[in-house]
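Hello,

Here is the structure I promised you. Please open it next to this message and follow along.

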Amino acid sequence: MNLGVIFAGGSGNRMQTKSKPKQFLDLDGKPIIIYTIEIFDNHPDIDGIVVVCLESWIEYLKKMLRKFEINKVVDIVPGGKSGQESIYKGLCAAERYAKAQDEEDCIVLIHDGVRPLITEDTITSNIKTVKEKGNCITIVPATETVIVVNDDDSLEIPTRSRTRMARAPQSFYLKDIITAHRKAISENNKEFIDSCSMMNYYGHHLSTTEGPMENIKITTPSDFFIFRAMVKVRENQQIFGY
């Protein structure tokens, strides 16, 4: 079984929106979160989707799922006080669903609700890599120089050809990632920025697959303009068959 766990629990302060969280901003009458969920819903190898959502927006999300005929969402759970806690709540919902279906080797693809430019091929590659290597982090090459600032203010500059940027999905066997989360909880370790950081900390070797450069996280107004442009490009590709 392969489940998407889509995180849409943030309030989006950097987006500077006043009436809606960024994941519910509309493009052509459709919220960003629905663009994202649709890719997973339409993928033949995705068996179900769990969405972690701002509690006050859950009913609105349910309405949008009905409107756009999304069929694979099996649970919607409210987010936690942090991204780490929200992901854990989503994983617990995935665990409940997998147990109800008597599935022991469930794969989860953890994805940001505001990364709507994910592709079917990237989802396929994530699932394949988890089956072969145990986990999969979607990456893209770094296109600018990355500088690491140490605690003593000294700098490290990794060779760009060896530097990658982590994106999403970040995919694992459910039993592995939820065990890591529970270990972090038992140790009161609440500072992990994402799932791959947690898995690396607890000694898991991480595998990767390269995703598309346009698979950006919509965080700022300029990101939204890029998203809008890419949607138009994809529409034109479908119309003209290229």
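Just after helix α2, E69 takes a positive phi of about 55°. This is a predicted model: local features need pLDDT of at least 70, side-chain atom pairs count only at pLDDT 80 or more, and totals for chains, interfaces and linings use all residues. Residues are numbered from 1 along each chain as its sequence is written, and side-chain values use heavy atoms, without hydrogens and water.

Now α2 itself, residues 58–67. Helices (H or I, at least four residues) and strands (E, at least two) are DSSP runs, numbered from the N terminus. I58, L61, M64 and L65 are buried in α2. They lie on the same side of α2, because they cover an arc of only 115° around the axis. That arc is taken from the directions from the helix axis to the C-beta atoms. Buried means under 20% relative accessible area, exposed over 50%, partly exposed in between (1.4 Å probe, protein chains only). E59, R66 and K67 are exposed, on the face turned away from the buried side.

What do the buried residues of α2 pack against? They pack against β3 (30–31), α1 (32–41), β4 (48–53) and β5 (73–78). Contact means heavy atoms within 4.5 Å.

Next, look at S195 in helix α6 (residues 195–201). S195 is buried, with a relative accessible area of 3%. Beyond its neighbours within four places in sequence, S195 touches I87, I110, Q170, F172 and I177.

Last, the whole protein. It has 7 helices and 11 strands. Of its 242 residues, 47% count as buried. The C-alpha trace spans about 50 × 45 × 40 Å along its principal axes.

Best wishes
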